[in-house]
Amino acid sequence: MAPAFRNGFLRKTGLALALLAPGLLAPGLLASGLAVAAESAAVSTPRVTATLLSSRGAVAPGERFQVALVQKMARGWHTYWQNPGDSGEATRISWTLSQGATAGEIQWPAPHAIPVEPLVNFGFEGTLLLPVEIAVPQDAKPGERLTLTANATWLVCEKICIPEEGAFTLDLPVASTAMVDDAAQSRIDAARAALPAPAGFKGRLAGDGEALALTLPGLSGPPSELRFFPLSDTLIDHAAKQDASAGPEGTVLRLARSNAFKITSGEVAGVLTFKEGGLARSLSLVATADPALVTSAAGSADALRPAVVRIPLPVEGADLTLWAALVFAFAGGLILNLMPCVLPVLFIKALGFAQLARASRAEVREQGLLFLAGVIVTFMALASMVMAFAALGSSVGWGFQLQSPPLVIALAVVMTLIGLNLLGAFEIGTSAAGVGHGLASRGGRLGAFMTGALAVVVATPCTAPFMGAAVGYAVTQPPALGLAVFLALALGFALPVVALSFAPGLLRLLPKPGRWMLILKQAFAFPMFATAIWLIWVASVQAGPGGVLAALVAVLAAGFVVWLVGVTRDTGRGRILSSALAVLVVFAAGWFVVQSAAPEATTEARAGDIQAWTPERVTALQGEGRPVFVNFTAAWCITCLANERVALSRQEVKDAFAELKVSYLKADWTNRNSQIAQALAEQGRAGVPLYLFYPASKGGQPEVLPQLLTPDMLVTAARRAAGKELKTAAR
């Protein structure tokens, strides 16, 4: 072939192939795209690899199809069924669907009994598919896309339990005809075929002395390895042996009652598993309960479940009325002023009043009202966020902002700057009437407002008596009622300063302005420095050495910016350049803090006699016959730290715990933890501290201790939990 002809042929052939390539490759690419779209990206941990699998590569308008959450568990690890048994938590999925699509409930396979001595859990090992039906709307149009977003949470356990979560997205095209992904459809069909089949008969549940008798008319024999898994976790003792025998009306399965036995309706539901001809089978069962079991359920539960015990003073309880919650909130806010994190700020405000006392009563009153406004606005802002997150099921509570290391560091910087200002290192305004006095040249009004806001922010690490129950009540109420409780808290908190501003007689008792005010002003710098040191320590607990470095860099940058602005205040063009440099330094320091102060993962175990809290650990220890003390705490909680110093670390308390074999568990909420937040919510609380004493009996309910502890109180509660003193029910 001549070179010229060969080159021309190749050019023409290449051009033709280039033009044909998209058409030739498009079907393959489309098929490939659909195959990929049929399964989401995997969420992997050392314990579980999870994906969302779709039986469709493309969906049709109005059709129903199946997806499945796939969990592949590492050897020895398991997740949980609807009723997790003696411990655990079921997998949950929340959906966000486009195009008006809807998702059904999880279709649960039959569980396995997983012994974790001395307990038995109900769950799954190996590879698990949880099918869910998706309905495509009739008005979906071909050419559009159906986006499925699933946010799943699950608890995976071996000897320890770890809560995990994952977000999964499938983006499926809408077509006139559905395109089935055969491989995915086959896997999901196999999972659905293994779901418990309807029993075809109705069981009967009756009392049999201290046990229960479940009659199964449709089963004869009885079949081998028969076991009943109830949906309710208050029906049977999950760890007890289930004995089956032949009866005149079919198989009778003898079940041990739960310590917290309770039936709330005339029917009970569950799953039967057994082997027939060597093959595993499962049936979905509904059984009619003997009316005597239903009517006596409340009495049985009360008799078998230890009473919740509360020490009478202070009176705190979850069963508050609105008026009681308002009174508790007002009293808690008033007492909050005595906390060490608040007093320095209030002293500064009082010092400002002393300077103005002989100048203008009207100005003093105005300052008091502006302080009140700052308190109310800040309380309402924090309360709105807490209640909004609570409504969404998020794991935040009172003091949530201190679970963020960058915000803790920012507060430490503010406290350091306030201290330097009080010592005269630089001036913010010309008086001590309020921190932030010179934020704008407005005669101190903005300073008074900002002092109220600052007082609330530094008060959030503290929880006063009465306050915990009130805040816990507030976050469970409709927004209007919840905000009313927080408003009462704000009014109680602001009352002392407002009363001082409207009480000329009290102000006249103060000495005349003079050198003593300068000395006192400088003295107040040191509580501010102490607060800054404490906040840096909190950052070290949250984020380790990186948190300390970030805090020190932030303090250095803040000091440099204040110095730079001060020395270039009256230098014209130099002031513009220095301001630009100051902004650059602030942004650079902020970026460094955010990058360096990442929360560290919480440890799974604690050294010494104090162990890390989990609900499963509480259940296991109670099963061993040991009383359990749980300390819900945080490094940023001043009240918690005070209780540890004053009561929990006292030798007489340690001796009593050792003598009575009390297990001490600590639930550390320094960083966000959804499991701890859920436990707080179950006790009607939105923040720490919370102290629970569980009795030495399986399933026993805890005694809730007051928020301010004494050694005698702890020793007495330990004896009650160990059964050394008679329990009395709360009134």
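Start with Gly-250, which touches Leu-216, Pro-217, Leu-219 and Ser-245, leaving aside residues up to four places away in sequence. Contact here means heavy atoms within 4.5 Å. A word on the basis: this is a predicted model, where local features need pLDDT of at least 70, side-chain atom pairs count only at pLDDT 80 or more, and totals for chains, interfaces and linings use all residues. Residues are numbered from 1 along each chain as its sequence is written, and side-chain values use heavy atoms, with hydrogens and water left out.

Gly-250 sits in strand β19 (residues 250–256). Strands are DSSP runs of E, at least two residues; helices are runs of H or I, at least four; both are numbered from the N terminus. Gly-250 has a relative accessible area of 13%. That makes Gly-250 buried, a term for under 20% with a 1.4 Å probe, protein chains only.

Next, Ser-55. It lies in the loop between β2 (48–54) and β3 (56–58). Ser-55 is buried too, at 1% relative accessible area. Among the residues that Ser-55 touches are Phe-65, Met-179, Asp-181 and Ile-188.

Last, the helices. How are α19 and α21 oriented to each other? Helix α19 (residues 651–659) packs with helix α21 (residues 711–721) at about 5°, axes 9 Å apart. Axes are lines fitted to C-alpha atoms over the stretch in contact, and angles run from 0 to 180 degrees between N-to-C directions. So α19 and α21 are roughly parallel, the word for angles under 35 degrees.

Conventions: Buried < 20%, exposed > 50% of the residue type's maximum accessible area, 1.4 Å probe, protein only. Parallel < 35°, antiparallel > 145°, perpendicular 65-115°, else oblique.
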